[in-house]
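Good morning, everyone, and thank you for making the time.

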Amino acid sequence: MPKLTKSKSQGKSQGKRMPKLTKSKSQGKSHRKSQRTHTRKQRGGGPPGLSIRSTPSSACDIPHSDFTKTDAEEFYEENRNPLTPYTINKGDLIGKPLFVKQIPATHVRAISCKTIASLFGQESREESSKYLSPVLAQYTLRDGTLLQLLLHEGPDLLDLAKKTPAILASNSRTIVQSLANILSFLNKKKLLHRDIKPENIVWTGKEAKLIDLADIVPGERYTEVGFGTNTYLPPDFKGDFSPEVNAYAMKRTEELLGLTVNAH
Ligand SMILES: Nc1ncnc2c1ncn2[C@@H]1O[C@H](COP(=O)(O)OP(=O)(O)OP(=O)(O)O)[C@@H](O)[C@H]1O
Ligand SMILES: [Mg+2]
């Protein structure tokens, strides 16, 4: 198996073609190491100059009864770190391992916002969350930052391969099946995920699920240069995303993790 390291997504920093498995910046790693409880300040106790007020919902917003836009704004003012582990001590989220991912305004695309909202709106949440790690709620803040409330579902496949390869090996059949299910779900829903790779798939202990959903676009063809991760893109790739490109990335993922050999 090739040496497992992290690779750069082109959308984040223009990647050179990488011969090995590499992982994107993942600035949040150190913050995710220790789970801590975020204690919310009393209402009105935020930093001077921050007035917490409701703003009209945008097309990006997916409300959750236990995580309101006011919570999101407060969280953002107090925690500027991406992927900071977070526990909300209320409602049906008590005790769940959660974190809030911050997507800067410059990375937020209206098109994928709408897609995520339609996938994780109340009605469709159940089916999508079998294959995609659910976005429990998301809110666009006044500065354009998108905050997503996510369930922490387990290690990503690159972490699994590096830290607990025995678990990867003993679950290889289930993982390969999950990856096939993810691909057919994307195809059925006509969605393109432009950055399929081991670090964007998490292992829940029962199945594999796709993350990094802000890279999803609807449709069967989508052209944009600068997205994806070279190792997982076809050699002649010129920016045209398609179901075949998704399938290629999934096949590369399996190959580089050694799953194809182990699963059969
Ligand atoms: N739902 C989740 N469950 C468990 N771990 C997760 C989940 N979502 C993200 N992570 C962890 O956080 C890492 C980074 O997450 P993610 O891929 O969403 O962001 P990113 O790639 O750093 O950012 P960007 O949006 O710029 O691509 C993942 O590789 C994974 O280890
Ligand atoms: Mg990622």
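Predicted model: local features only at pLDDT ≥ 70, side-chain atom pairs only at ≥ 80, totals over all residues.

Of the contacts in the chain with a separation of 6 or more, what percentage is accounted for by residues 24 or more positions apart? The figure is 67%, and I would ask you to keep this in mind as we go on to individual residues.

Let me begin with the chain as a whole. Its secondary structure comes to nine helices and ten strands, and of its 264 residues, 37% are buried. The largest nonpolar core has 57 residues, and within this core the residues with the most contacts are L157 and A208.

Now let us turn to a pair of helices. We describe two packed helices by the angle between their axes and by the distance between those axes. For helix 7, residues 172-188, and helix 8, residues 243-257, the angle is about 170° and the axes are 11 Å apart. Angles over 145 degrees count as roughly antiparallel, and so helix 7 and helix 8 are roughly antiparallel to each other. Which residues meet where these two helices pack? From helix 7 come V176, L179, L183, L186 and N187, and from helix 8 come P243, N246, A247, M250, T253 and E254. Sorted by class, the contact of helix 7 with helix 8 has seven nonpolar, three polar and one charged residues.

Next, a point about the backbone. Most residues other than glycine have a negative phi. K190, however, has a positive phi of about 55° although it is not a glycine, and D212, also a residue other than glycine, has a positive phi near 60°. K190 sits in the loop between helix 7 and strand 5, which is 191-193, while D212 sits in the loop between strand 7, at 208-210, and strand 8, at 216-218. Are these two residues buried or exposed? K190 is exposed, because it has 11 other C-beta atoms within 10 Å, whereas D212 is buried, because it has 21.

Finally, I would like to go to strand 3, residues 135-140, and to the loop between it and strand 4, residues 146-151, where L141 is found. Y139 has its place in strand 3, and with 27 C-beta neighbours inside 10 Å, Y139 counts as buried. L141 is partly exposed, with 18 other C-beta atoms within 10 Å. Leaving out residues up to four places away in sequence, Y139 touches D61, K69, A72 and L147, and L141, on that basis, touches A72, E73, Y76 and L147.

One more example is H107, in the loop between strand 2, at 98-103, and helix 3, at 110-120. H107 counts as partly exposed, with 15 C-beta neighbours inside 10 Å, and its C-alpha atom is separated by 9.7 Å from that of G144, which is 37 residues away along the chain.

Note on methods
Residues numbered from 1 in each chain as written. Chains lettered and ligands numbered in written order. Helix = DSSP H or I, 4+ residues; strand = E, 2+ residues; numbered from the N terminus. Buried ≥ 20, exposed ≤ 12 C-beta atoms within 10 Å, placed from the backbone. Contact = placed C-beta atoms within 7 Å. Core = buried A, V, L, I, M, F, W, Y, C linked by C-beta atoms within 7 Å. Axes fitted to C-alpha atoms, helices over the stretch in contact; angles between N-to-C directions. Parallel < 35°, antiparallel > 145°, perpendicular 65-115°, else oblique. Nonpolar A, V, L, I, M, F, W, Y, C, P; charged D, E, K, R; others polar.
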